[in-house]
Amino acid sequence: MGIQGMELCAMAVVVLLFIAVLKQFGILEPMSMEDSSDSELELSTVRHQPEGLEQLQAQTKFTKKELQSLYRGFKNECPSGLVDEDTFKLIYAQFFPQGDATTYAHFLFNAFDADGNGAIHFEDFVVGLSILLRGTVQEKLKWAFNLYDINKDGYITKEEMLAIMKSIYDMMGRHTYPLLREDAPLEHVERFFQKMDRNQDGVVTIDEFLETCQKDENIMSSMQLFENVI
């Protein structure tokens, strides 16, 4: 798999890989009409009871039937209604056996674990997914910025961006084409900062990130890839 130009649309790579995993494990599988009542009943009896469908509809851009379908897939993979980080890493390890997905899964898990309690609830999952699939461009970009801002201090540093890029390369393993040089992640980070760091102070702010992304046709095109997934 070629990863040239990833510095322009790394957020698309990150999220599309996540969506691919969801599809592989049936979490984004369409739900038939007869499953509706069963899923609604299960929503009220699961060990970790999610918030009511009406409240989740208000918080997200999913319909009632879509929420039921998502919950059905979520429950199949996570019967307790919760996903811990080890489970998240295990799912990615199965999907990317040729590489090491541990670090990437850690970063993505933290992005979905909104309250930082070490577990992804169904609510965390659907709220994040709603942003990625149905949110505005600004909402999607802010979510991506939060992913790259590892220590959540409001800035993306070169060290943070390098950690994200290395985690993607590690997950892909050595089965990329063309073959990547050892310094390829660092080169991508340097290009990213040349484009994003407008005042050249060594960090990228949310304003710099949003402004640059929204002026870049490649990044804007990548945002559209998330639409109509479910």
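## Basis of the values

In this predicted model, local features need pLDDT of at least 70 and side-chain atom pairs count only at pLDDT 80 or more, while totals for chains, interfaces and linings use all residues. Residues are numbered from 1 along each chain as its sequence is written, and side-chain values use heavy atoms, with hydrogens and water left out.

## Overall make-up

The protein chain has 12 helices and four strands. These elements are DSSP runs numbered from the N terminus (helices: H or I, at least four residues; strands: E, at least two). Of the 230 residues in the protein chain, 48% are buried; buried means under 20% relative accessible area, exposed over 50%, and partly exposed in between (1.4 Å probe, protein chains only).

Contact means heavy atoms within 4.5 Å. Among contacts between residues at least 6 apart in sequence, 70% join residues at least 24 apart.

## Helices H9 and H10

Helix H9 (residues 158-172) and helix H10 (residues 184-196) have axes that come within 9 Å and cross at roughly 135°. H9 is therefore oblique to H10. Axes are lines fitted to C-alpha atoms, for helices over the stretch in contact, and angles run from 0 to 180 degrees between N-to-C directions. Angles under 35 degrees count as roughly parallel, over 145 as roughly antiparallel, 65 to 115 as roughly perpendicular and the rest as oblique.

The crossing of H9 and H10 is right-handed; a crossing is left-handed if the near helix is turned anticlockwise from the far one by less than a right angle, and right-handed if clockwise. On the H9 side, the contact is made by Lys-158, Met-161, Leu-162, Met-165, Lys-166 and Tyr-169. H10 contributes Ala-184, Pro-185, Leu-186, His-188, Val-189, Glu-190, Phe-192 and Phe-193. By class, the contact of H9 with H10 has 10 nonpolar, one polar and three charged residues. Ala, Val, Leu, Ile, Met, Phe, Trp, Tyr, Cys and Pro count as nonpolar, Asp, Glu, Lys and Arg as charged, and the others, Gly among them, as polar.

## Helices H8 and H11

The axes of helix H8 (residues 137-148) and H11 are 10 Å apart, and the two helices pack at an angle of about 130°. This makes H8 oblique to H11. Their crossing is right-handed.

H8 takes part through Val-137, Gln-138, Leu-141, Lys-142, Ala-144, Phe-145 and Tyr-148. The H11 residues in the contact are Ile-206, Phe-209, Leu-210, Cys-213 and Gln-214. The contact of H8 with H11 has nine nonpolar, two polar and one charged residues.

## Two buried helix residues

Thr-212 is found in helix H11 (residues 206-214). Thr-212 counts as buried because its relative accessibility is 4%. Apart from neighbours within four places in sequence, Thr-212 is in contact with Lys-195, Met-196 and Arg-198.

Phe-125 lies in helix H7 (residues 122-134) and is buried, with a relative accessible area of 4%. The C-alpha atoms of Phe-125 and Phe-74 are separated by 8.9 Å, with the two residues 51 apart along the chain.

## Positive phi in two loops

Lys-152 lies in the loop between H8 and strand E3 (155-157). Phi of Lys-152 is positive, near 55°, in a residue other than glycine. Lys-152 counts as partly exposed, at 40% relative accessibility.

Gln-200 is in the loop between H10 and strand E4 (203-205). Gln-200 is not a glycine, but has a positive phi of about 55°. At 71% relative accessibility, Gln-200 counts as exposed.
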